[in-house]
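Subject: A structure for you to look at

Hi there,

Here is the structure I promised to pass on. Please open it next to this message and follow along as you read.

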Amino acid sequence: MNKRLDTVTLWRPVGPKELKLIEKSGMRAFPPRLPEQPIFYPVLSEAYAVQIARDWNVPASGSGFVTRFDVLKSFLDRYQVEHAGSKAHLEYWIPAEDLPEFNRAIVGRIEVTAAFGRDANLAG
């Protein structure tokens with residue numbers, strides 16, 4: 001008998017370099033954080049992810065992409081939801097050292113749901 005997995009859907013805005021690394025994983029994992037990036041920030045709404053991808057990633061790197069993925073709720077239960085500015089800007093703050101375990105808690109594949117900027121037609 002199969003037990004239904006309890007998951008939470010999250011989004012992550014990424015630039016073209018991070019997307020290429022996600023693609024190298026078979027769309028199953030996010031790449032390790034850089035030394036100057038101690039926190040991994042998945043967000044709780046697609047609208048917030050779109051805002052970041054369009055308004056921050058495109059000016060910074062020419063392209064921005066929104067990814068969607070499901071994570072085991074049992075993993076996320078150890079973290080609290082953080083407000084990053086307004087009530088609509090909700091995200092988890094996952095320490096970089098927990099990212100490998102976060103990746104193992106992803107159920108299924110990471111999907112690209114939106115693309116902005118010059119490489120928008122190259123997503124997926």
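Predicted model: local features only at pLDDT ≥ 70, side-chain atom pairs only at ≥ 80, totals over all residues.

Residues are numbered from 1 along each chain as its sequence is written, and side-chain values use heavy atoms, with hydrogens and water left out.

Three strands form an open sheet in the order 1-3-7, and their pairing is antiparallel; two strands count as paired if DSSP finds at least two bridges between them. Strand 1 and strand 7 are the edge strands, each pairing on one side only. From one strand to the next, the twist averages 20 degrees.

Strand 1 (residues 7-14) is joined to strand 3 by eight bridges. Seven of the ten residues of strand 3 are buried, which leaves the strand mostly covered. Buried means under 20% relative accessible area, exposed means over 50%, and partly exposed lies in between (1.4 Å probe, protein chains only).

**The helices**

Helix 2 (residues 46-61) has a kink of about 30 degrees centred on A53, where the bend is the angle between axes fitted to the seven residues ending at a position and the seven starting there. This helix lies across strand 1, strand 3 and strand 7, and runs at about 145 degrees to strand 3. Such angles run from 0 to 180 degrees between N-to-C directions, with axes as lines fitted to C-alpha atoms, for helices over the stretch in contact.

Y48, A49, V50, I52, A53 and N57 are the buried residues of helix 2. The buried residues of this helix pack against strand 1, strand 3 (63-72), strand 5 (90-92) and strand 7 (106-117), contact meaning heavy atoms within 4.5 Å. Just after the helix, G62 takes a positive phi of about 90 degrees.

**The nonpolar cores**

A nonpolar core is a set of buried Ala, Val, Leu, Ile, Met, Phe, Trp, Tyr and Cys residues joined through side-chain atoms within 4.5 Å. The largest one has 20 residues, and F30, F69, V71, F75 and F102 have the most contacts inside it. Two or more residues each come from strand 1, helix 1, strand 3, helix 3 (73-76), helix 4 (99-104) and strand 7. Strand 3 gives the largest share, three residues. Leaving aside neighbours within four places in sequence, F75 is in contact with I94, D98, E101, F102 and A105. A second, separate core of nine residues includes V50, A53, V66 and A114.

**Residues to click on**

Which side chain does R12 meet in a polar contact? R12 meets the side chain of E18, at 3.4 Å; a polar contact is a pair of N or O atoms within 3.5 Å, where within protein one must be able to donate a hydrogen and the other to accept it, and residues adjacent in sequence count only if both atoms are side-chain atoms. R12 is in strand 1, while E18 is in helix 1. R12 counts as buried because its relative accessibility is 7%, and E18 is buried with a relative accessible area of 16%. Not counting residues up to four places away in sequence, E18 touches R12, P13, F30, P31, R33 and F40.

M27 is also worth a click: this residue has a positive phi of about 65 degrees although it is not a glycine. Most residues other than glycine have a negative phi. M27 is in the loop between helix 1 and strand 2 (39-40), and it counts as buried at 10% relative accessibility.

Enjoy exploring!

Best wishes

Conventions
Helix = DSSP H or I, 4+ residues; strand = E, 2+ residues; numbered from the N terminus.
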